[in-house]
Amino acid sequence: MLENPQATKDALIQWIRDYFGKNGPNCSAVVGISGGKDSTIVAALCKEALGADRVVGVLMPNGVQSDIDDAQAVVNYLGIPHMTVNIGAAYEALTHAIVQAKGYDVVTGRTDLSKDAAINTPPRLRMATLYAVGQNLPNGARVANTCNGSEDYVGYSTKYGDSAGDFSPLAQLVVEEVRQIGKLLDIPLHLVDKVPSDGL
């Protein structure tokens, strides 16, 4: 637990400002918004550091997302520019292209996508989406990694997926410390205490 959560929160906000000052003074922060605590807290920290107009939230359901209302509530509450990119069609197309690839059955010994591939492909598509969105913004962007230290430690993240990004505000904080920071930010408390899900 943090001895001084307020000091840590202030330091994180200054760190984000310093990072953008050196790596894109006019850039926006692009944050994938799942409706969970980590992406919500990262977006709120970026808003305090850069201003609402320089934080772009991207909602990325894979077809139907059961808690999409939470993600929408986050961007509405923070008042940040946002868009919704449904990756469902891209996921289905890529999955189909892989399993129908000439030689796939011979090389892999299967005709479907493995469980691990099915789980990890959507986060990788989301990260590709965030970078594509960022590269279309007028002043460029830096993509936020929203993982916390606990997730990184136990491997609750996807290589080249949600564990990627240009800057990672929560990387040095464990879950309870993230919640401490969240309770100091102007965000709905139920989102700070929300149980994580890989469904996004």
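## A salt bridge at Arg 110

Arg 110 has a relative accessible area of 32%, so Arg 110 is partly exposed (buried is under 20%, exposed over 50%, partly exposed in between, with a 1.4 Å probe and protein chains only). Its salt-bridge partner is Asp 112. The closest N and O atoms of this pair are 2.9 Å apart (a salt bridge puts a side-chain nitrogen of Lys or Arg within 4 Å of a carboxyl oxygen of Asp or Glu). Asp 112 is also partly exposed, because its relative accessibility is 39%.

The model is predicted, so local features need pLDDT of at least 70 and side-chain atom pairs pLDDT 80 or more, while totals for chains, interfaces and linings use all residues. Residues are numbered from 1 along each chain as its sequence is written, and side-chain values use heavy atoms, without hydrogens or water.

## Other salt bridges

The count of salt bridges comes to five. One of them joins Lys 37 and Asp 38. Here the closest N and O atoms are 3.8 Å apart. Lys 37 has 4% relative accessibility, so Lys 37 counts as buried. Asp 38 is buried as well, because its value is 8%.

Glu 176 pairs with Arg 179. Their closest N and O atoms are 2.8 Å apart. Both residues sit in helix α8, residues 175-182 (helices are DSSP runs of H or I with at least four residues, strands runs of E with at least two, numbered from the N terminus). Three residues separate the pair along the helix, about one turn. Glu 176 is partly exposed, because its relative accessible area is 40%. Arg 179 counts as buried, because its relative accessibility is 15%.

The link goes further. Glu 176, Arg 179 and Asp 193 form a network of salt bridges. Arg 179 touches Asp 193, and also Lys 37, Val 192 and Lys 194 (contact means heavy atoms within 4.5 Å). That list leaves out residues up to four places away in sequence.

Ser 34 lies in the loop between β1 (28-32) and α2 (37-50). Its relative accessibility is 17%, so Ser 34 counts as buried. The side chain of Ser 34 reaches the backbone nitrogen of Gly 36 at 3.1 Å.

## Helices α4 and α6

Two packed helices are described by the angle between their axes and the distance between the axes. Helix α4 covers residues 88-99, and helix α6 covers residues 115-134. They pack at an angle of about 130 degrees, with their axes 10 Å apart (axes are lines fitted to C-alpha atoms over the stretch in contact, and angles run from 0 to 180 degrees between N-to-C directions). The two helices are therefore oblique to each other (under 35 degrees is roughly parallel, over 145 roughly antiparallel, 65 to 115 roughly perpendicular, the rest oblique).

Which residues of α4 and α6 make the contact? Ala 90, Tyr 91 and Leu 94 come from α4. Ala 118, Thr 121, Pro 122 and Leu 125 come from α6.

## Val 75 in α3

Val 75 is found in helix α3, residues 68-78. Val 75 counts as buried, because its relative accessibility is 1%. Val 75 touches Ile 33, Gly 57, Leu 59, Ile 80 and His 82, leaving aside residues up to four places away in sequence.

Val 75 can also be set against Gly 35. The two are 40 residues apart along the chain. Their C-alpha atoms are separated by 9.1 Å.

## Trp 15 in α1

Trp 15 lies in helix α1, residues 5-23. Its relative accessibility is 38%, so Trp 15 counts as partly exposed. Trp 15 touches Phe 167, Ser 168 and Pro 169, not counting residues up to four places away in sequence.

Tyr 160 is found in the loop between α7 (149-154) and α8. Is Tyr 160 buried or exposed? Tyr 160 counts as exposed, because its relative accessibility is 69%.

The backbone deserves a look too. Most residues other than glycine have a negative phi. Phi of Tyr 160 is near 60 degrees, a positive value in a residue other than glycine.

Methods. A polar contact is a pair of N or O atoms within 3.5 Å; within protein, one must be able to donate a hydrogen and the other to accept it, and residues adjacent in sequence count only if both atoms are side-chain atoms.
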